[in-house]
Amino acid sequence: MRVHAVTLLPWLTAAFAALAGLAGETAAQPYPTRPVEIVVPFVPGGGTDLIARATADYLGKKWGQPQLVVNKPGGGGVIGARAALKEGRPDGHTVLMDIHTTAPMMIGAWKTPPLTLADRKWAGRIVLDPMVFAVKADAPWKDLKELSAWVKANPGDLVWSSVGPSGPSRYTAFDWFSQIGVDPLKTKMVITEGAADSMTKLAGGHVVLAIHSVAEAKSMAEGGKIRLLAVLAPRRVSYIASVPTAEEQGVIKGVSVSWWAGISMPAATPDAIVKKWETALAEMVKDPAFRAGTDRLWMNLDYLNAADMTAFVDKQAAYYTDMAGKIGLRK
């Protein structure tokens, strides 16, 4: 039986209309459509991991899809960052809890970095936390001034930890060394897999000094296993008010390094998805329950939207690139 095209035309028209409607319905599906992976480029237990889990809990409830924290440590944060930004699909279902180490500091320390700022889009900053100098609980120094005097006299005996070759610990330490007149090459730096690993090594006596964020030092300090000698902040921090600033001890002038964390995703991620994250983060940092949780973690919430975060990181990248050149970190 011969079927004329004219006879088929109404049927084909209806079929194409149905397919178009189905495609439109699929495209209009609300994001996220499946579980989201929040990649943490360090081991569990550190500050990056803790803020990622708090964020995952909030957004999982808000969006009705699981937010899975996936720890991918190694390479000072490079392995996890590449997994999220270069290997993950740019559809918003793989994002990075991005921090100082995996963005501007890494760029500053590498002439040919494994990732660049062009490889990501920022959704916003969540946390900005001051750094602290920590020693073992039974260490002989009662403050940073005493430790500084000892290091000047015994630089070869100072063993200190850093998360990756270009982490904030290293930049903070080099700033400290330059201000107290110590050759950093005479000291010994130990690379760790994250703040939790660093603090464990400190409590166990494997390193003399660890420099991390307030939040990352919290559990060990509360447990009496380590002691905080100084905080790098313009003024004392309310939840560790007994810890003096480095500047009031006359040791370090100015605050050049801080710990921060925010959400980034692959550069090709649609702007609409980035915007949804930006809006959600802005709401999250104002949520009373979320704020109470971060207070318990000793984390200082300091939100920046996507545009302001991009400008902030660009400025940090320029600063750390210059600093890395001055202190010989450029590879």
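Buried means under 20% relative accessible area, exposed over 50%, and partly exposed in between, with a 1.4 Å probe and protein chains only. The model is predicted, so local features need pLDDT of at least 70 and side-chain atom pairs count only at pLDDT 80 or more, while totals for chains, interfaces and linings use all residues. Residues are numbered from 1 along each chain as its sequence is written, and side-chain values use heavy atoms, with hydrogens and water left out.

Helix H8 spans residues 214–222. Its buried residues are Val-214, Ala-215, Glu-216, Ala-217, Lys-218 and Met-220. Gly-224 follows H8 and has a positive phi, near 75°.

The protein chain holds 11 helices and 11 strands. Helices (H or I, at least four residues) and strands (E, at least two) are DSSP runs, numbered from the N terminus. Of the 331 residues of the chain, 51% count as buried. Contact means heavy atoms within 4.5 Å. Among contacts with a separation of 6 or more, 77% join residues 24 or more positions apart.

Strand S8 (residues 209–213) contains Ile-211. Ile-211 is buried, and its relative accessible area is 0%. Leaving aside neighbours within four places in sequence, Ile-211 is in contact with Met-131, Val-132, Phe-133, Ser-169, Thr-172 and Ala-173. The C-alpha atoms of Ile-211 and Ala-195 are separated by 9.0 Å, and these residues are 16 apart along the chain.

Helices H2 (residues 47–63) and H9 (residues 271–284) have axes that come within 11 Å and cross at roughly 110°. That makes H2 roughly perpendicular to H9. Axes are lines fitted to C-alpha atoms, for helices over the stretch in contact, and angles run from 0 to 180 degrees between N-to-C directions. Angles under 35 degrees count as roughly parallel, over 145 as roughly antiparallel, 65 to 115 as roughly perpendicular and the rest as oblique. In H2, Thr-55, Tyr-58, Leu-59, Lys-62 and Trp-63 meet Lys-276, Trp-277, Ala-280, Leu-281, Glu-283 and Met-284 of H9.

Trp-277 also belongs to the largest nonpolar core, of 63 residues. Such a core is a set of buried Ala, Val, Leu, Ile, Met, Phe, Trp, Tyr and Cys residues joined through side-chain atoms within 4.5 Å. Ile-126, Trp-176, Ile-263 and Trp-277 touch the most other members. Not counting residues up to four places away in sequence, Trp-277 touches residues including Tyr-31, Leu-59, Trp-63 and Ile-263. A second, separate core has 19 residues, among them Ala-134, Val-159, Met-199 and Trp-298.
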